[in-house]
Amino acid sequence: MNCLVCRKPMKVPWSPATLLKRDWVCPYCATMLTPLEQGCSRCGHPTEDGRTCDDCVRWLALGLDLTVRCLYVYDEAGANWLHRFKFSGDVALIGHVADVLKRTREPRVKYVPIPLSEERLLTRRFNQADVLARGIGPTHQLLSKAEVSSQRELGKEQRRHRPNPFAIHKTARCERIVLVDDVYTTGATLHQAAFTLKRAGYEEVSAVCLFRALNKSKTRPI
C-alpha cells in the first residue's frame, strides 16, 4: 500500500475493511497540514490581537464584507496535498480532512461550492470545491462561472480587480449560504461570488476555505 500524498510504501493492518479503504495516508503525511491559528476575524490571516488584516481592510473599503473561515495554512505541505487532490485527481484524500470539514457544519445552511467554468470542468473532470462542500453538508449549485484567464498568472492587485466571472445559475430558498473553496489568497474569488449572491437577494453569505495563503508564503502557484 502506498501513501496517497508522498507515494511511499506503508504498512497497514489487514482486515476486510482494508479492501474498501481508499484514503491511506502515512503517519508523517497525516500530520503534515498546519492548522490555521486564530488571527484576522474575517479570514484567519495571522494578525496581532486578531485585528482585521490588510487584505480585508481593502475589501471593506470597496464595500465588500465577507467572513471566511479558513482551516489550514497554505504552506509547502499544504501545496503538496492540494496538488495531489486537485490536479492529480486523488479525490479519496477528502477522507484525510473529513473530520475537520464536518466540524464546520452548521444547521439551516446551504453550502455553495465555487464553480468551475464549463471549459475548466471538462479539463479537470471534477470540481474540487464541490467535493469539499459535500464533505460538510447539503450543497446547492447556485452559481455559474464564465471562463476567464487563470489566476495563476495574475498578481495580487490584478486578482482583486479582475471582472466578476460569476452569475446566478439557479435560485433556492435558504436562510444562510456558505461558499466553499479550496484556497483563499487575496479573496477575489470568494468576494466576487458573495457579491453576486447578495445582489440576487441572499443577505447572509459567509465562506469556508480549506487553505489560507499567507502573504509571506513561498509556495507554487495555485
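## Buried residues, cysteines and aromatic pairing

Asp90 counts as buried, at 13% relative accessibility. In this predicted model, Asp90 lies in the loop between α3 (76-87) and α4 (98-102). Apart from its neighbours within four places in sequence, Asp90 is in contact with Leu4, Arg7, Arg84 and Phe85. Phe85 also belongs to an aromatic cluster, together with Tyr72, Tyr74, Trp81, Phe126 and Phe211.

The structure holds five aromatic pairs. One of them joins Tyr74 and Phe211 in an edge-to-face arrangement, with 5.7 Å centre to centre and 70 degrees between the planes. This pair links distant parts of the chain, 137 residues apart: Tyr74 is in the loop between β1 (68-73) and α3, while Phe211 is in strand β6 (residues 205-212). Tyr74 is buried, and Phe211 counts as buried as well.

The cysteines form a separate topic. A search of the whole structure finds zero disulfides. The cysteine sulfur closest to that of Cys209 belongs to Cys70 and is 5.0 Å away, which is too far for a bond; a disulfide requires sulfur atoms within 2.5 Å. Cys209 counts as buried, whereas Cys6 is partly exposed.

The relative accessibilities of the residues discussed are listed below.

| Residue | Relative accessible area | Class |
|---|---|---|
| Asp90 | 13% | buried |
| Tyr74 | 3% | buried |
| Phe211 | 0% | buried |
| Cys209 | 0% | buried |
| Cys6 | 27% | partly exposed |

Technical notes
Residues are numbered from 1 along each chain as its sequence is written. This is a predicted model: local features need pLDDT of at least 70, side-chain atom pairs count only at pLDDT 80 or more; totals for chains, interfaces and linings use all residues. Side-chain values use heavy atoms; hydrogens and water are left out. Helices (H or I, at least four residues) and strands (E, at least two) are DSSP runs, numbered from the N terminus. Buried means under 20% relative accessible area, exposed over 50%, partly exposed in between (1.4 Å probe, protein chains only). Contact means heavy atoms within 4.5 Å. Rings of Phe, Tyr and Trp (its six-membered ring) pair if their centres lie within 6.5 Å; planes under 30 degrees apart count as stacked, over 60 as edge-to-face and the rest as tilted.
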